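Q: Please take a close look at one part of this model. Then show me what lies around it, step by step.

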Amino acid sequence: MRGRDQEFAEFFSARFDGARRIAYAMCGSWPDAEEIAQAAFVKLYARWSKVRIETVDAYLRTILTRVFLDTKRRGRAREQVVAELPDTIAPADAGPAERMALRAALLAVPPGQRAVLVLRFVADLSVEQVAEALGCSTGTVKSQTARGLAALRAAYKKGDVNVEMRGA
Amino acid sequence: MFDNDDAARHALRTLTSEPAPPVATTLDQVVRRGKRRVFIQRAGSVAGVVAVVAAIGAGTILLRPGDQGDGVQVGTSNSATAPTYPTSPMPGWEVVDMPAYAERGGKSCTNNETQVPPTGNVPFLPLAAVQSALTIAVKQALGAVPAATFPSWSGSSTRFLVVEVPMDNGMGQLQLEATRYGGSPTRAADADRVAYGNCEAPLRRTLADGTVLQLYPKYDYHPKWPSQPLAIYQPNGRKYVITSAGYSEADMMPGKDSTSKTIVNGRGKLPTTQEQLAELAEAFAGGLG
């Protein structure tokens with residue numbers, strides 16, 4: 001029991017922040033990203049004894065993406081009126097305008113396609129790995145990627161932010 | 001722009017270089033919620049088995065030759081008698097009746113009752129109001145002013161406020177988790193009877209305004225960093241869990257290549273006695289109004 005919890009503790013320590021950043025790329029809000037990552041790790045803990053260590057990263061990505069998509073499906077019912085403005089972190093150092101424009105454009109992409117783009121390009125997964133995480137075919141991943149990129153491009157142009165992505 | 005995969009990858013990866021707020025989630029929180037989830041899953045399995053057994057039993061009785069089944073009552077889990085627990089060690093608090101199927105003192109525990117989802121849109125109180133009530137309660141119960149405060153008060157379903165209090169061998173924490181619940185305070189407290197600890201019966205006190213306080217036994221995830229939770233169910237649908245914890249932020253180490261934290265040290269005891277935690281919770285609930 002102790003060994004199992006110790007393994008989980010080490011995995012949590014090594015992966016939580018990365019998972020939170022992936023969640024942030026998907027949802028665009030740090031508090032929500034924290035909740036999504038926490039919910040994913042809670043679910044992972046509940047299944048920890050049944051998950052093989054060599055597949056645990058893929059499993060975590062699957063849960064994380066499903067939690068994100070579930071929150072989107074529940075939609076506005078989950079949103080609460082808060083008495084004060086939520087904490088936000090202003091982009092710092094180089095390229096804040098680019099990042100803000102890109103983030104805004106990414107949030108305009110439909111959630112399913114957005115999840116594919118984030119897993120493919122932010123988490124740097126292969127088409128096969130994304131298909132495994134989402135439980136769909138590689139063909140679906142490819143088509144969702146193409147549609148997602150088109151939506152991202154359109155949203156970015158519509159934002160009328162006259163910046164070029166460095167290195168793009 | 002985003003004309004090919006490499007361009008998209010390069011552009012989108014700039015998002016991960018954004019500065020991030022500190023991680024508010026601790027391993028302890030995840031493990032506690034994870035254990036609760038396991039309890040609920042097991043409760044679902046047990047309920048399913050009970051339902052199947054009951055259905056088979058009922059079918060057997062009804063199909064028995066010459067027996068029309070009139071007046072036959074199918075036995076369910078309530079046919080078992082709940083085990084007897086010691087009397088309350090604190091005046092005004094009652095030992096909660098545990099479900100008969102709870103495995104007292106065991107490593108796992110189940111509960112047939114599940115939480116009623118929150119209804120309506122009860123807003124969270126502003127951080128300032130909660131922080132003020134907690135500070136006053138800490139001062140009243142412990143005679144000390146919190147030395148440090150760590151709020152994370154912008155989540156849509158759960159919010160956190162952690163204060164650190166002095167102990168004779170370092171600092172401890174009082175961790176406040178704010179959320180919402182559905183149903184009555186007693187119903188919610190019943191559903192949480194086995195949410196913490198190892199199936200030991202919690203203590204319960206109902207205040208004059210209908211608020212239910214539920215104090216769980218001390219739980220040692222590790223002997224060095226024990227914790228003891230107390231849940232508060234207000235009739236307005238707000239729920240708070242105050243956990244007394246024998247460790248502080250200084251005992252947490254960032255994970256490798258990560259800003260998440262792991263507890264590596266602790267005081268080996270709690271910053272509150274059971275009585276102090278109870279007094280603190282009651283004062284806090286009263287201070288919220």
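A: Helices here are DSSP runs of H or I with at least four residues, and strands are runs of E with at least two. The model is a predicted one. By that count chain A has seven helices and zero strands. From the N terminus on, the order of elements is simply α-α-α-α-α-α-α. The part to look at is helix α5 of chain A, residues 111-122.

Start with how covered the helix is. In α5(A), 10 of the 12 residues are buried, which makes it mostly covered. The buried set is A:Q113, A:R114, A:A115, A:V116, A:L117, A:V118, A:L119, A:R120, A:F121 and A:V122. For scale, 40% of the 168 residues of chain A count as buried.

Next, the partner across the chains. Two packed helices are described by the angle between their axes and the distance between the axes. α5(A) packs on helix α1 of chain B, residues 5-13. The axes are 9 Å apart, at an angle of about 95 degrees. Angles of 65 to 115 degrees count as roughly perpendicular, so α5(A) is roughly perpendicular to α1(B). From α5(A), the contact uses A:L117, A:F121 and A:V122. From α1(B), it uses B:A8, B:R9, B:L12 and B:R13. By class that gives five nonpolar, no polar and two charged residues. A:L117, A:F121 and A:V122 are also on the buried list of the helix. An α-helix has 3.6 residues a turn, so residues three or four places apart point the same way.

A:D124 follows α5(A). Its place is the loop between α5 and α6 (127-134) of chain A. Phi of A:D124 is positive, near 60 degrees, and the residue is not glycine. Most residues other than glycine have a negative phi. Is A:D124 buried or exposed? A:D124 counts as exposed, because it has 12 C-beta neighbours inside 10 Å.

For contrast, look elsewhere in chain A. A:F8 sits in helix α1, residues 2-27. A:F8 counts as buried because 21 C-beta neighbours fall inside 10 Å. Setting aside residues up to four places away in sequence, A:F8 touches A:Y45 and A:W48. A:F41 is 33 residues from A:F8 in sequence, yet their C-alpha atoms are 9.5 Å apart. Contacts across the sequence show up in the chain totals too. Of the chain A contacts between residues at least 6 apart, 70% join residues at least 24 apart.

Then turn to the partner chain.

Chain B has a helix pair of its own. Helix α3 (residues 127-142) and helix α5 (residues 274-288) of chain B have axes that come within 8 Å and cross at roughly 145 degrees. The crossing is right-handed. Among the residues in this contact are B:A133, B:A137 and B:A141 of α3(B), and B:L280, B:F284 and B:L288 of α5(B). The class tally for this contact is 12 nonpolar, three polar and one charged.

Strand β3 (residues 159-167) is mostly covered, with eight of nine residues buried. Strand β2 (residues 148-152) pairs with β3(B) in the antiparallel sense, over five bridges. There B:F150 has B:V162 as its bridge partner. Strand β4 (residues 170-180) also runs antiparallel to β3(B), joined by nine bridges. A hairpin through two residues links β3(B) to β4(B). Across this pair, B:R159 stands opposite B:A178, and B:V163 bridges to B:L174. β4(B) is mostly covered as well, with eight of 11 residues buried. β4(B) pairs in turn with strand β9 (residues 238-245), antiparallel over eight bridges. B:L176 and B:I242 are bridge partners there. In a regular strand the side chains alternate between the two faces of the sheet.

Conventions. Residues numbered from 1 in each chain as written. Chains lettered and ligands numbered in written order. Predicted model: local features only at pLDDT ≥ 70, side-chain atom pairs only at ≥ 80, totals over all residues. Buried ≥ 20, exposed ≤ 12 C-beta atoms within 10 Å, placed from the backbone. Pairing = 2+ DSSP bridges. Axes fitted to C-alpha atoms, helices over the stretch in contact; angles between N-to-C directions. Left-handed = near helix turned anticlockwise from the far one by under 90°. Contact = placed C-beta atoms within 7 Å. Nonpolar A, V, L, I, M, F, W, Y, C, P; charged D, E, K, R; others polar. Parallel < 35°, antiparallel > 145°, perpendicular 65-115°, else oblique.
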